[in-house]
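User: I am new to this structure and would like to learn how to read its features one at a time. Where might we begin?

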Amino acid sequence: LPLVPPGRKSGEDGSPYSGQDANCGNTLLISLEELVKDGLLMENELPDPLDMEYVEFDTVANLKEPLIAKAAERLLQSPGELRRQYDEFKKNPDVSGWLEDAALFAAIDNSINAVSWSEWPEPLKDRHPGALKDIYENQKDFIENFMAQQFLFEKQWKRVRSHAQKLGISIMGDMPIYVGYHSADVWANRKSFLLDKNGFPTFVSGVPPDAFSKTGQLWNSPLYDWKSMEADGFAWWVKRIKRALDLYDEFRIDHFRGLAGFWAVPSGSEVAMFGSWRVSIDFLNGTVSFSSQNL
């Protein structure tokens, strides 16, 4: 499954296909035992193991999130090699390009009780520089802790991948073609999505009627504005693919058919059957060049 933070709003049920950010890691995957080895947690702080047949995401989050936040705080307060590695991590331009927006988004989301970013006060919704500066100053501790947790995820994931490589094992990743509406990706890159002037999706994702459903499948993800993306050299996609290549040895794009054509359903529809097919990018006629050279 995708490594992204899962959707946590009502109805998303921990799904990584409605994630909060396409480039962040799911911090619930962080091993508490490894944090003990790093000196960021004490052995007696770990919860007792739970004997469960299925994962209960809320239970996992309630147990692990306070401890991961505590470990991140100790990292920030402790000088040394680990803190130096964290400082290098957040300064890396390939990381800061997505981490800063993700941290700001999470800080605003944490301070405002709203279903989605479209309900935020206009200065925050529209990313006014002054409003973002205020959030950074008022939520600085939260933002630093958020970024430190991403560092801890990165550190542990790199350890897993390094071990796999030593054993001659390649890691296959999964990338959902779409991202959740309530995400840093859509909020920070509105021009790259089919949204109206108020930030609401004009069309959403899905598939037409098929053998699985007589009315089609309504996914409700915001759709890409491919023409706008082409104008800036597909910068968002380049950043996302770079990130995937940093995490995996290879990866698949789930529903990659959408790179050629997609089913667009008018926003607000209750079923997907009233959508229509749209062309994404004209690769075949050579009008778009998107190769490894871009990366």
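Analyst: Let us begin with a single residue and its surroundings, bearing in mind that this is a predicted model. A residue is called buried when its relative accessible area is under 20%. Tyr 178 has a relative accessibility of 10%, so Tyr 178 counts as buried. Tyr 178 sits in the loop between β1 and α8 (184-188).

User: Which residues are in contact with Tyr 178, leaving aside its neighbours within four places in sequence?

Analyst: Apart from those neighbours, Tyr 178 is in contact with Ser 205, Trp 219, Ser 221, Pro 222, Leu 223, Tyr 224, Arg 240 and Phe 262. Tyr 178 and Tyr 17 are 161 residues apart along the chain, and their C-alpha atoms are separated by 7.5 Å.

User: Tyr 224 was named among the contacts of Tyr 178. Where does Tyr 224 stand in the nonpolar core?

Analyst: The largest nonpolar core has 73 residues, and Tyr 224 is one of those with the most contacts inside it, along with Leu 35, Leu 152, Trp 187 and Trp 237. Helix α4 (residues 93-111) gives the most to this core, contributing ten residues. Once neighbours within four places in sequence are set aside, the contacts of Tyr 224 include Ile 177, Tyr 178, Phe 193, Met 229, Trp 237 and Arg 240.

User: How should I read the packing of two helices?

Analyst: Two packed helices are described by the angle between their axes and the distance between the axes. Here, helix α2 (residues 57-77) packs with helix α7 (residues 140-166) at an angle of about 100 degrees, and the axes are 9 Å apart. The two helices, α2 and α7, are therefore roughly perpendicular to each other.

User: Which residues of α2 and α7 meet?

Analyst: From α2, the residues are Ile 68, Ala 69, Ala 71, Ala 72, Glu 73, Leu 75 and Leu 76; from α7, they are Glu 144, Asn 145, Ala 148, Gln 149, Phe 151 and Leu 152. Sorted by class, the contact of α2 with α7 comprises nine nonpolar, two polar and two charged residues.

User: May we turn to the strands? In what order do the four strands of the open sheet stand?

Analyst: The order is β3-β2-β5-β6, and the pairing is antiparallel. At the edges stand β3 (217-222) and β6 (276-279); each has a single partner strand, so one side of each is left without a neighbour in the sheet. From one strand to the next, the twist averages 50 degrees. Within this sheet, strand β2 (residues 203-207) and strand β5 (residues 261-266) run antiparallel and are joined by two bridges. Phe 203, for example, has Pro 266 in β5 as its bridge partner.

User: In which sense do β1 and β4 pair, parallel or antiparallel?

Analyst: β1 and strand β4 (residues 250-254) pair in the parallel sense, over five bridges. As an example, Gly 173 has Phe 251 in β4 as its bridge partner. Strand β1 (residues 172-176) is mostly covered, with four of its five residues buried.

User: Finally, how should I read a backbone angle such as phi?

Analyst: Most residues other than glycine have a negative phi. In this model, Arg 127 has a positive phi of about 60 degrees although it is not a glycine. Arg 127 lies in the loop between α5 (122-125) and α6 (129-138), and its relative accessible area of 25% makes Arg 127 partly exposed.

User: Where is Phe 234, and is Phe 234 buried or exposed?

Analyst: Phe 234 is in the loop between α9 (226-231) and α10 (235-247). With 6% relative accessibility, Phe 234 counts as buried. Its phi is near 55 degrees, a positive value in a residue other than glycine.

Conventions: Residues are numbered from 1 along each chain as its sequence is written. This is a predicted model: local features need pLDDT of at least 70, side-chain atom pairs count only at pLDDT 80 or more; totals for chains, interfaces and linings use all residues. Side-chain values use heavy atoms; hydrogens and water are left out. Two strands pair if DSSP finds at least two bridges between them. Axes are lines fitted to C-alpha atoms, for helices over the stretch in contact, and angles run from 0 to 180 degrees between N-to-C directions. Angles under 35 degrees count as roughly parallel, over 145 as roughly antiparallel, 65 to 115 as roughly perpendicular and the rest as oblique. Contact means heavy atoms within 4.5 Å. Ala, Val, Leu, Ile, Met, Phe, Trp, Tyr, Cys and Pro count as nonpolar, Asp, Glu, Lys and Arg as charged, and the others, Gly among them, as polar. A nonpolar core is a set of buried Ala, Val, Leu, Ile, Met, Phe, Trp, Tyr and Cys residues joined through side-chain atoms within 4.5 Å. Buried means under 20% relative accessible area, exposed over 50%, partly exposed in between (1.4 Å probe, protein chains only).
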